Amino acid sequence: MDTKTSILITGATGRTGRRLVSALSGVDGLSVRAASRQGGPPFAWEAPDTWPAQLSGADAAFICYAPDVADPGAPEILSEFAAAARHHGLSRLILLSGRGGTAAHPSEEAVLRNFPASVVVRSAWFQQDFSEHFLHPQVLEGQLRVPVNGVSEPFVDLEDSAEALAHLLTEADAYREVASGILEFTGPDSVTFADVAAALSAALGRTVEHVPTTPEDFIAGAGDAGMSREEAEGIVWLFAEAMDGSASHSTGDLERLLGRPARPIQAYIARTAAQGLWDEKLPQPQGESAAGVS
């Protein structure tokens, strides 16, 4: 690894960001800048005057844009940020995006255009959505009520993603091999919500079923899952945009970076069940994007 390397992690309190900070912490010769609204100094996407303090002296940066890279206005903000990163002399820049659909492509193109040596990482849906996001209360209640039926998804373990991202951010040779390109992080197997429900049932010793629902019914039940109507509408949009079957295949990008197989969702379920996270109704973590890419 390069000596005296300083890495900026945006979205450092989110599901991906906090795992990446943890993966990088304690590495010899590495300084980690965990940027967030609550940080010191604070960092906010809508306030470009907060960027220079974080970018100055940094060697690399990880972009986890909130609320979502597919949101209106995101390409313009990310275009400006990528240009600022180039101006401050960063050598590596990674943008976290999502697989499926095309709504995030303008943001990806803006970063690649303004920081030509950057890398876009398109992530599959997170396995941790079932324990740390909107699907957590549904597992507790024994019904996965989502507006999708029969479509499979290669859910990815965030622990794997963080390990691979840390490798890219700290190893210049590994980064150089994929610079100016797009990677897709997926789990090894593509499974349906019915498959996940069956695996959860086996691990928990109680029935969890998949109950396909309409977008309208999903939004109507948003309050029961601790969501606002706006967040529920965002998730419904994401299901329609990104889970249409076009991104059901797995890739080998994550395995190549890890040097080992990616963890299947069954391993995540067994690990999480053993931790007791589905034993009772615990408070649901807040502060994550509706899209699941944070």
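This is a predicted model: local features need pLDDT of at least 70, side-chain atom pairs count only at pLDDT 80 or more; totals for chains, interfaces and linings use all residues.
**Stop 1: the core.** Select F130, L144, F193, V196, F239 and W278. These residues have the most contacts inside the largest nonpolar core, which has 36 residues. At least two of its residues come from each of α6 (136–141), α9 (193–204), α10 (215–220), α11 (229–242) and α13 (265–275). A separate core of 31 residues lies apart from this one; A164, L169, Y175 and L257 are among its members.

**Stop 2: V196.** Centre on V196. Beyond its neighbours within four places in sequence, V196 is in contact with F130, L144, F155, V191, I265 and I269.

**Stop 3: α9 against α13.** Show both helices. Their axes are 10 Å apart, and the packing angle is about 35°. The crossing of α9 and α13 is right-handed. On the α9 side, pick V196, A199, L200, A203 and L204; on the α13 side, pick I265, I269 and A273, which they meet. What kinds of residue make up the contact of α9 with α13? Eight are nonpolar, with no polar and no charged residues.

**Stop 4: Q128.** Move to the loop between β5 (119–123) and α5 (129–132), where Q128 lies. Is Q128 buried or exposed? Q128 is buried, because its relative accessible area is 2%, and the cut-off for buried is under 20%. Display its side chain. A polar contact of 2.9 Å links it to the side chain of D157. The Q128 side chain also reaches the backbone nitrogen of L158, at 3.0 Å. Finally, show the surroundings. Leaving out residues up to four places away in sequence, Q128 touches R19, H133, V156, D157, L158, E159, Y268 and R271.

Technical notes:
Residues are numbered from 1 along each chain as its sequence is written. Side-chain values use heavy atoms; hydrogens and water are left out. A nonpolar core is a set of buried Ala, Val, Leu, Ile, Met, Phe, Trp, Tyr and Cys residues joined through side-chain atoms within 4.5 Å. Buried means under 20% relative accessible area, exposed over 50%, partly exposed in between (1.4 Å probe, protein chains only). Helices (H or I, at least four residues) and strands (E, at least two) are DSSP runs, numbered from the N terminus. Contact means heavy atoms within 4.5 Å. A polar contact is a pair of N or O atoms within 3.5 Å; within protein, one must be able to donate a hydrogen and the other to accept it, and residues adjacent in sequence count only if both atoms are side-chain atoms. Axes are lines fitted to C-alpha atoms, for helices over the stretch in contact, and angles run from 0 to 180 degrees between N-to-C directions. A crossing is left-handed if the near helix is turned anticlockwise from the far one by less than a right angle, and right-handed if clockwise. Ala, Val, Leu, Ile, Met, Phe, Trp, Tyr, Cys and Pro count as nonpolar, Asp, Glu, Lys and Arg as charged, and the others, Gly among them, as polar.
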